[in-house]
Amino acid sequence: MYDRLLLCKQGGIIDISHMAEQDNSVHICIGLGGTGVDCLKNLKAKVYNRIRPDNPNSSVPRYSHIKFLAVDSDMDSIKYDEKSRYADFCKLDFEKEVFHLGQGVKFLKVDFDSDPTYREWFEYRKIKACMVGPGANAIRQVGRFFLISQAGAFCDLVRNMIFESIQGLSKPAIFIHVFTGLGGGTGSGSFLDVCYLIREVIKRNEFSRCYLCGYFFLPDVNIVNGLHVEIERVVRANGYASLQELDYCMNFERNGDKWSQYYNGVGLVESKRMPVDIGYLLSASNTNGNIYNDGYYFVMNTVAEHIISLIVNNTTHCFEGDIGKHFAFNGCCEKEYGANYDYCSLGVSTSGIPTNECLTYLASAIFEKMAVAVKDIVPTKNDCDEFINKNALSYDRIFAQLTYGADLTAFPLNDVRWRDALANDDLTVTYFTNMANRSYGKIDENYTALSREIKKYYDDTEALQDVARSLITKIFVALKDIACDNKYGPFYAARLLRSNTGVDLLAIVDGYLKEAQGKLVQENAQEDKLYPEWKKAQDEFFASNTGSFNGERRFKKYANATRQLNMHRAKAAAISRMVDLMRLLHDQLIKLSTGYMDVLVNTVNHLIDTFDENKRYLDSGVIKHVSYEMPIATLNDVMPDLKSTIAEMDVGQNITRVMRSLTSKEGVDAWIDNNENDISVFIIRYFTDLFPDYSQKTLADYFRMKYRINEPEALSNVIEHDYLYNMIHSSNPALWSAHQYYVFDAWGRDLFFMPYNAYEVEHATRNMMSCFVFRCGYDERVVFIRHKYCIPLFAYEGIYRYERDSLNGNIVGQHIYEGKQYFDGSKLIQGRNWKHLPSPIPFRLMCEDFSSPELMHLAEEAKDLYSEAEANGVIHEYDSYDFGIFTISDAFMCSFRNAFEDGKKKENKDDKLQAKEQLEQLSKNIEYNSPIPIPNDCSLSEVERKREVRIEHFVKSPCLQKIVRAELEKLKEINEAIHYLD
């Protein structure tokens, strides 16, 4: 079967004219780990189904400006199983689109304790025993290890993909989309490194208009698939750890920290930027907590619809502007808590028309009728005989064609006097030899014409002109006509040529060969009789006693013997050439059978099987639309029209038309090499042209059919109040929302994409004041996408459900930094420990029911530290609005300490008092560095609420806490120094 034509494999009769044109933009799509790769597979299939390729006329679609890269450590998860939902044409290319992590790195000879790439974080001693089998075994540090060990190669690959994809475009926007699950090992362990490595590639190569977009599939996306209780526990724990680290990194510009990691082959990568420019939180439940039907693929499709909308012509500028507006509106959105409001969510609703299903259904009907009509017809002996007689292919007719003009029986005696013949033997022997030679030449000339090969397997008068008398050409043309005859068809024609029964042309030609060989034996036997007779007649004629009384008689005998011998030899030569011709024709028939008829029959057979499978698929009703899809019309809606079209079909005419098309030059070129892509594209074009009433039916046509309204204004009104209203209200963001945060309060932007030529739909959007309407390259659908921006991570219910269990699990390698000790030279250093990063939940929302006691304790300590810093003036207001941490300058501390050391040396009481007064004076005029800001972004006006928000930001900033502790220590040092001199 041809997967590309199977509906169940994302194929079918997909009309390329309905595909959307690409915008002037570049899209690099990277899937990390099992979940990320699943998203990538789904996206690629949709791109190949919906986006017009670079060359619409090519049978193999190419997208120079859209790249796909699967990054995973478990190749089994990347491979497509036998029940895959994707055809080969839209599958990932394992040679170009797969980056295999961990290939050989488990046996990498590296000193993990000294190599700067690994020494601070990789707990290889504790997790080495777990590094068995494929993949990262759900251990985040193992997934990270796999990626980092190949960081240089990964960066080179991403750089090359970007360079390749921007060729031919003028200053395009470059979107890099990173998809990852957060609950496994590979994706969740490597996604932060991947993002910062990509940022480094962008920076070093000075790519402009480059946007890094992250799509984070939250733990419940995997959990809805149904997991073993222990695996679910790990997914929850890993998911929380990933979100905890993501939220911390997204807050670098506020919390005083930065990304800093050394990579072999890349060097030190440092950044205070967020991992992504825009990050989407994606859940398998809606805002009400209701799990979507087939939630796993629902959210994959949601992401795909969003990215497709960016690729489609006339939409890039919209999203590029939205990224800028996201940051602008971040400062204006409602912020009642100290948190990072930099996340987004997506809600999608689409409406399409069933063009593909309709055309595929009609094609299935034709091939079904063809199978019934012609598949099982077997030629009889009478049929073979009729074919031979009709095409002048009997043994005698072929031999007559071979000997045409050779005059094998017309060797006339020469009018020569016997005395002249006696004097010159050439008048006899040469005369008849020349006659025989002329016959030989004519036979060879005929043989050449009759034996010529077929140059091209299609019916082109010009191409066949020089082989018009070729036997194999005559047979080919006749068989092709039979193949196209709806009474017989290709299966009959193939069996007529060669079959398992022995009743076929090949058997007949083999019979001719045997007959010719028998006649040749008989004719050759005449040589033994005729040559002695000729020799005897010659000797008698040239004997010394030949004279007037016997010369005439002897000459006639000699001349006749010479004639008979040459006639025999000419006939033997003709029969010998007949043997050669039959042998060659046998081989030509085999070649025609295997090189053309068998391929044609196999092609038709595969098409019959393919569309039989499509028929079963359509009849079974298993086509299920994703829950965000609201088809304008289903196949059932148009079934009466389809059945009417099928009933009106002339079965015979359609069979003939299909076969004439398949045996045309374009058809033969498509299938002669068994190239599935060429065959599929040819069939798609054929049926698209055959049924223009369906292939050219527009969105508006289906709306007219649905509502039975033809008047444009009335149709627009019903589309607006019925259809568009329902679309909008079914596009809830795919985020499992916590009761502590109402997602619909977040700033949003609703986008509506529609075809260029859908006047009634465009008119229906006139009152959609809050929605931005774009006329773009969509031909078969309208798409509504709801973007929700400026969402905090604590809006996700899973954070509350997973925190306590995650931190109580004590899973080794769960965080990418776990406080590993290492030596830098001889110095023992305590590495970063992200186990105790702040909770994404704001301090005021933490409670004993779901929060980690340890994180609550750390938050309490940070809150008390803030109050202490406030009381001591380390934190206070500046510039009438901003608050910050005031750090004492090193120069001041140096001068203060010098003054203190001088004071300690004073022995005289008055001198000590003077030194103390000097220290007191210095303490009143402390020199500060520029203040380190603490976010003061509460949207509420109450002073105390603003302070609470600042405290929550401070709680989420361990680096700022470290700075404050150091400043309090300085103040303590100053006070203790002053009191020391009392």
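**Exercise 1.** Decide whether His-953 is buried or exposed in this predicted model.

*Solution.* Start with the relative accessible area of His-953, which is 1%. Next, take the cut-off: buried means under 20%. His-953 is therefore buried. Now place the residue: His-953 sits in helix H35, which covers residues 943-955. Finally, look at the neighbours. Leaving out residues up to four places away in sequence, His-953 touches Arg-254, Gly-338, Ala-339, Pro-935 and Asp-937.

**Exercise 2.** Find which residues of helix H31 are buried, and what covers them.

*Solution.* Helix H31 runs over residues 797-808. Go along it and pick out the buried residues: Glu-797, Gly-798, Ile-799, Tyr-800, Tyr-802, Glu-803, Ser-806 and Leu-807. Then turn to the cover. It includes helix H7 (219-223), helix H8 (229-250) and helix H32 (853-871). Last, step just past the end of H31. There Asn-810 takes a positive phi of about 50°.

**Exercise 3.** Compare the radius of gyration of the chain with that of a compact globule of 982 residues.

*Solution.* The globule would have a radius of gyration near 30 Å. The chain has 44 Å. Check the spans too: along its principal axes, the C-alpha trace covers about 180 × 75 × 50 Å. Then ask how much is buried. Buried residues make up 56% of the 982 residues.

**Exercise 4.** Count the helices, the strands and the charged side chains of the chain.

*Solution.* First, the elements: there are 36 helices and 17 strands. Second, the charges: 112 side chains are positive and 137 are negative. Third, the centres of the two sets lie 6 Å apart.

Terms used: Residues numbered from 1 in each chain as written. Predicted model: local features only at pLDDT ≥ 70, side-chain atom pairs only at ≥ 80, totals over all residues. Heavy atoms only, no water. Helix = DSSP H or I, 4+ residues; strand = E, 2+ residues; numbered from the N terminus. Buried < 20%, exposed > 50% of the residue type's maximum accessible area, 1.4 Å probe, protein only. Contact = heavy atoms within 4.5 Å. Rg over C-alpha atoms; globule rule 2.2 N^0.38 Å. Lys, Arg positive; Asp, Glu negative; His and termini not counted. Charge placed at Lys NZ, Arg CZ, Asp CG, Glu CD.
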